[in-house]
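Here are a few friendly notes to read alongside the structure.

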Amino acid sequence: MGETSLAAAKVDELLREVRVDYTRTKLVEAAVSDLQQFLLGLSDVEISPSLAGNFVYDLGVSEEKCGFRFQKPDAVEVTGSFLTQSVTKPVQNVDLAVRIPKACFHEKDFLNYRYHAKRTIYLCAIERVLSRRGRYQKIEWASFTEDATKPILVVYPDVATKFVLRLIPAISTEHFDITKFGLERNNVREAKSKEGLALPTPYYSSSIMEDMLFLEHSSWLNSHLSKCPAMRDAISLAKVWLRQRSVDGYHNGINGFLMSMLIVHLSTSAGKFRISEHMSALQMFRITLDSIGTMDVLGRGIVMQKSEGKSGSPDVKQMKSIFEVVMVDPSGRLNLTYRLTKSVLAELKDDALRTLDAMKIPRDAGFDTVFMTRMGFAAKYDCHVRVEVPSGASASPLCLDQGSWRLYERKVETILCRALGERADLVRVLQRNLPAGWRPSEGLKGVEKVPLLVGIQFTTIDIAFRLADIGPGADDKEEARKFRAFWGEKSELRRFKDGKITETAVWECDPTQRHLIVEQIVHHVCRRHLAVQSSDITVIAGQLDFGITVRGKDQAAVMPKILEAFENLSRRLRTMEDLPLRILSVQPLSAEFRYAAVYYPQPHPLATEVTDSSPLTKAIAAGLDPLEVVIQLEGSGRWPDAPVAIQKTKLAFCLNIANRMQEMWGIYCIASEDAVDILMDGFAFRLSILYEKDRTFINREKLASALSSGGALPMKVGTAVSDAPASLKEDRLLRSMHASILHGLHGQYPAFSPTVRLAKRWVASHLFSGVIVEEAVELLVAYLFVNPAPFRRPSSRVTGLLRFLNLLERHDWLLAPLIVDINGNIASADEEVIMSQFSKLNRDSSNDCEGPSMYIATAYDLCSQTWTKDCPNSKGLKRLVAYAKSSSALLASKIMSQECNVKWQTLFRTPLACYDAVVRLQEQSLAHPSRLLFPADFDMPAVVTKKQSNDILAMISPTVMKAGALAARNYLLIGFDPVEYYVKDLRERLGESCLVFYDHLGSDVIGVMWTTSSGSKRSRDEKITEKIDVNAVVRHLSEAGAGLVASIHLSDKVRQSVSVNAQPALPVRSRRRKS
């Protein structure tokens, strides 16, 4: 990859922001010097192990073994990134190595955690004197490399600096005989096998050697970085990259120190000089990722260049047999990556490879994807598991070669990896650490109480959600026994079509519930092998299903029937004779056909060939959502040219089609000027005609050539469309192209459908139905699947929704277009057109943006002149982004939450206090009351209250039902939604004085917000009723919604600013109409 000038410029700007100016660190240097002098001047004193009583007890060390006389440190040395000048903002630490005197230890204190106990007691004594000194903002406890057995002190100096001082205990190689720390030796006497034999304790020994070699490592790094300052910038880039991918900050995660050691290693002879001092920081960073991802240097094991004076060669083979990842330090004695696991390495390699792919983008080397996109743990994985660890689940004693909580975490990871098998590419257990605000007096048992979080990345949905796990054949006795032992009662012998008889674990569920199969598996194996209850296990999989289900059932299960009915309709239309022009094609338009509808129409008993006139006994819904379909006729030169004449000709065709359908098959049809509604097989199909000369927003000049070549379909650049239709809904050519492009996404990416449905439900539930059109939401979700970098494509609905919210929140709509290239039809020349057109727009954050506020470019609309041309406007987009930011943070916190009883419904509850007026609707007057997620909950006094209507709009009245099916069919409300008509009426009445917000999918509230004459954001003290006749607004809200409105509420500010006339209860006027 060649380093482009744009990429270099962006990297330079990033480095300027994250670098520390070491010429302006005098304040923190003075604080460091003061602390060093103070610590080196401390007096000797006898200290009691009771300073860290519970900590010492949990380590299994008796107080008699860890008492000692405190002596001042041998030295307090600046170390770490501040010494090497590689501090990377916003994390600004000054690491101070506090070298504990050898006299504080007994020669055998390396045994049985006595060193760890004295290490912490020594820090407790320092904390006590620092607290008494009173020169610091605060002093907190943390852990070194997230190791709970190795606490450190974090001191916040009382000076104007963002730096914090970390006091890290260290010892020299002379404190203990270093030969005692061989990997085969036992240094924790209670670590024994079942037969009572002493077991090796390599992890325990490594934790002590880490402190012994701490200063040597820092010195080794500093000596190499001082020779090549450019590597400091490469280290800063690597740290930014690590933080954005959330792989640092955990006990078994790779941190900035390990990445620094790796980068320096690659510049030495041991690293084959892959990095040279003549390279730029970006080139060094790329080579480092290539070494991790492509060359797998960590997987094969690393032996670093030896420090001067060091002899002998490390036993790498032995280290590989013990540790999962090996990076031998310059001394040849310590594996720096002894904490890392295979799952961490797999995650790191996957991130590195995806980053390298992103860096192939020629324009700016994928800068935003690589360095600016945050990959939180919640958004990174497809499925998340939270395990509440019961007390006593871990082994006793608490600490052997590793903490018992670490052994439990490894056990959980092993069990889940085996249970999921091919279903998961990666199972990542976040190893636990000390809780916030921890103190040594609390001991280590608090670590065990922290819930265990697991992230799971699926291979493919087809594999992850399969119904059976097939085991060994019946003739393989030993493997079959192991299979049954693991799966328990779930294992059974099954014969398959090919004649094989195998052990099989079967997971039965409804077709619409297959995304919950992984949840079943996790619950089963955790209950069986971890001795936990179902209530202790939470699998994030179906928590948001309530948003797209009705009475607990997913209406998408009806899709096979819809497709069957559509095929039946298409066949009949194409075989229809005696029409002036033959029907060439029948194409679906509705979102249902591309699996993008939130709710689906269910088979209706009256939408069939009804012949029975006997009274109906069961309640029947009156509302029926139509499925829109367009037909294309064969060509003819006899079509008129005038738009009105074309419309009348279409009407004649529709009437002819309706008559023929009724004559030939007895199908009930209702014709109108725009379309014909055909009731068959339980559904209503709304049929319209697509004519090549229809008004459209698409550029006709390039339409024919683009269709023939399969290329892009750009809009006219810089000119208005003279023959544009009245609305987007009437542009059948545009909608047809949109439907065609998105139709294949569901089959290619099965998670697209539930993700886009949840995204639409979230948009509507926060009353943004009039702010952004559904097709724009579909394009936003499609972008997540066709351009997922730096993530994998989402394979679950919860993760998909979170990434949708992140996209809304994080994309810089003011400065960059969003290019959605679903089928790869946008060429580089088209991208130049998009960027050129976008750069011509005057986009200023302080004013209304010129052009579309949400610039979404597609193959058929390079200049974003369709779905987002007029909405959302700049204010609507700001509100949408603000709500997305709040909701994404809420959803991520719920995924990562340590609480069991998480209320997921709050994600779809919208705050109503921001509106000046709120209209509550009568539930029984809604078109689909069953789609109401939950009644609105707000504290706002009513100024108008209406009597409840006795007429239930959603159901056919009992009187009509007595007249029979034929009569009842005339009362069907096909495509009628009173809320849509009410909102349209309000906007016509109120004009630009008010903004109306509503939920077209099903809510019982409508929000109304006053607008100001200036159009700017109103100040806190501004009278919001200025130029607004509140009484007139209330009257319009009441009169326009007669029979639909239950009550009208005004905010406190509005009521305090004006005296509102009480409105009497108006008579209920029916909104029912015949189709």
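1. A residue counts as buried under 20% relative accessible area, as exposed over 50%, and as partly exposed in between. Please keep in mind that this is a predicted model. With a relative accessible area of 38%, Y981 is therefore partly exposed.

2. Let us turn to the aromatic rings. Across the whole structure, a search finds 35 aromatic pairs. One of them joins F110 and F181, edge-to-face, at 5.6 Å centre to centre and with 65° between the planes. F110 sits in the loop between β4 (93-99) and α6 (114-133), and F181 in the loop between β7 (164-170) and α7 (202-212), so their pairing ties together parts 71 residues apart in sequence.

3. Now for the helices. Helix α17 (residues 404-420) packs on helix α21 (residues 517-529) at an angle of about 135°, their axes being 10 Å apart. That angle makes α17 oblique to α21. The crossing of the two is right-handed.

4. Which residues make this contact? From α17 come K411, I415, L416, A419 and L420, and from α21 V518, I521, V522, V525, C526 and H529. Of the residues in the contact of α17 with α21, 9 are nonpolar, 1 is polar and 1 is charged.

How values were computed
Residues are numbered from 1 along each chain as its sequence is written. This is a predicted model: local features need pLDDT of at least 70, side-chain atom pairs count only at pLDDT 80 or more; totals for chains, interfaces and linings use all residues. Side-chain values use heavy atoms; hydrogens and water are left out. Axes are lines fitted to C-alpha atoms, for helices over the stretch in contact, and angles run from 0 to 180 degrees between N-to-C directions. Helices (H or I, at least four residues) and strands (E, at least two) are DSSP runs, numbered from the N terminus. Angles under 35 degrees count as roughly parallel, over 145 as roughly antiparallel, 65 to 115 as roughly perpendicular and the rest as oblique. A crossing is left-handed if the near helix is turned anticlockwise from the far one by less than a right angle, and right-handed if clockwise. Contact means heavy atoms within 4.5 Å. Ala, Val, Leu, Ile, Met, Phe, Trp, Tyr, Cys and Pro count as nonpolar, Asp, Glu, Lys and Arg as charged, and the others, Gly among them, as polar. Rings of Phe, Tyr and Trp (its six-membered ring) pair if their centres lie within 6.5 Å; planes under 30 degrees apart count as stacked, over 60 as edge-to-face and the rest as tilted. Buried means under 20% relative accessible area, exposed over 50%, partly exposed in between (1.4 Å probe, protein chains only).
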